[in-house]
Amino acid sequence: MKKNDLIFGDLEYNYSWSKDTTILFFGRETDITLMIDGEEDGEFDEEQYAAYQALMKSWEQLHGSFLEPILNYYRQKRYELGYDIAQNGNYPLVETSDQILEMIALEGIVVPYGDIREGRDIGLLFNCTWDQENGLGLRLLNEEVVDVGYQDIVI
């Protein structure tokens with residue numbers, strides 16, 4: 001089933017609504033998948049529209065704020081796994097945001113149902129070099145990073 005939504009554009013339904021699109025991420029055109037939670041009827045919550053529009057409006061200024069929380073999450077994971085004292089090729093020492101940027105790739109934006117959390121809720125999915133199985137997820141609430149973890153926190 002397909003739908004042309006006024007805000008999200010051309011979507012296809014396969015247990016959720018999605019489309020492939022391109023977004024600028026740190027100056028590079030990046031192919032991603034936009035996923036919107038919704039029923040087969042294609043009706044979306046006003047909160048979903050508000051969250052997506054707020055994200056797109058401030059994307060250029062906003063995406064720079066993602067790196068520091070990701071770097072902190074990476075450092076914590078590295079410490080928890082003991083790779084701060086024992087070497088592991090998947091968890092090298094990373095000291096700067098530019099270094100962490102080289103280790104991640106944005107792969108998707110998730111717009112969850114509007115009634116799950118209070119506020120404009122958005123999830124971001126990344127591939128990462130240190131954990132290719134679980135990936136990396138970033139949850140934004142009102143355009144601020146509130147959670148970093150495996151992709152599960154977003155899906």
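**Entry 1. Ground rules**

I take helices (H or I, at least four residues) and strands (E, at least two) as DSSP runs, numbered from the N terminus. The model is predicted, and I keep local features at pLDDT of at least 70 and side-chain atom pairs at pLDDT 80 or more, while totals for chains, interfaces and linings use all residues. Residues are numbered from 1 along each chain as its sequence is written, and side-chain values use heavy atoms, with hydrogens and water left out.

**Entry 2. Helix 2**

I looked up lysine 77 and glutamate 80, which both lie in helix 2 (residues 67-80). They are 3 residues apart, about one turn of the helix. Their side chains form a salt bridge (a side-chain nitrogen of Lys or Arg within 4 Å of a carboxyl oxygen of Asp or Glu). For this pair the closest N and O atoms are 3.6 Å apart. I noted lysine 77 as buried because its relative accessibility is 16%. The classes I use are buried for under 20% relative accessible area, exposed for over 50%, and partly exposed in between (1.4 Å probe, protein chains only).

**Entry 3. The chain as a whole**

I counted 3 helices and 8 strands in the chain. Along the sequence the pattern reads β-β-β-β-α-α-α-β-β-β-β. The C-alpha trace spans about 55 × 30 × 30 Å along its principal axes.

For 155 residues a compact globule would come near 15 Å, and the chain has 16 Å, so the two agree. Of the 155 residues, 43% count as buried.

How many salt bridges does a search of the whole structure find? I got 6.

I followed arginine 117, which sits in the loop between strand 5 and strand 6. Its side chain meets that of aspartate 121 in a salt bridge of 3.4 Å, N to O. Arginine 117 is partly exposed because its relative accessibility is 35%. Aspartate 121, at 5%, is therefore classed as buried. The pair belongs to a network of salt bridges that links Arg117, Asp121 and Arg139. I also took a distance from arginine 117 to glutamate 47: they are 70 residues apart in sequence and 9.9 Å apart in space, C-alpha to C-alpha.

**Entry 4. Glutamate 143**

Which side chain meets glutamate 143 in a salt bridge? I found arginine 120, at 2.7 Å, N to O. The pair links distant parts of the chain, 23 residues apart. Glutamate 143 is in the loop between strand 7 and strand 8, and arginine 120 is in the loop between strand 5 (104-111) and strand 6 (121-128).

Is glutamate 143 buried or exposed? I list glutamate 143 as buried because its relative accessible area is 17%. Arginine 120 has 30% and is therefore partly exposed.

**Entry 5. Positive phi**

I searched the backbone next. Most residues other than glycine have a negative phi. Glutamate 143 has a positive phi of about 65° although it is not a glycine. Phenylalanine 26 also turned up, with a positive phi near 55°. Phenylalanine 26 lies in the loop between strand 3 (17-25) and strand 4. I class phenylalanine 26 as partly exposed because its relative accessibility is 29%.

**Entry 6. Glycine 108**

Glycine 108 lies in strand 5. With a relative accessible area of 0%, glycine 108 is buried.

**Entry 7. Negative patch**

Where do negative charges gather on the surface? I found a patch made of Glu39, Glu40, Asp41 and Glu43. Residues in a patch have over 30% relative accessible area and no salt bridge; like charges are joined within 9 Å, and nonpolar side chains (Val, Leu, Ile, Met, Phe, Trp, Tyr) within 5 Å. I checked the place of glutamate 43, which is in the loop between strand 4 (28-36) and helix 1 (46-62). Glutamate 43 counts as exposed because its relative accessibility is 57%.

Methods:
Accessible areas come from the Shrake-Rupley method with a 1.4 Å probe; for residues, only the protein chains shown count as cover. Lys and Arg count as positive and Asp and Glu as negative; His and the chain ends are not counted. The place of a charge is taken as NZ of Lys, CZ of Arg, CG of Asp or CD of Glu. The radius of gyration is taken over C-alpha atoms; the globule rule is 2.2 Å times the number of residues to the power 0.38.
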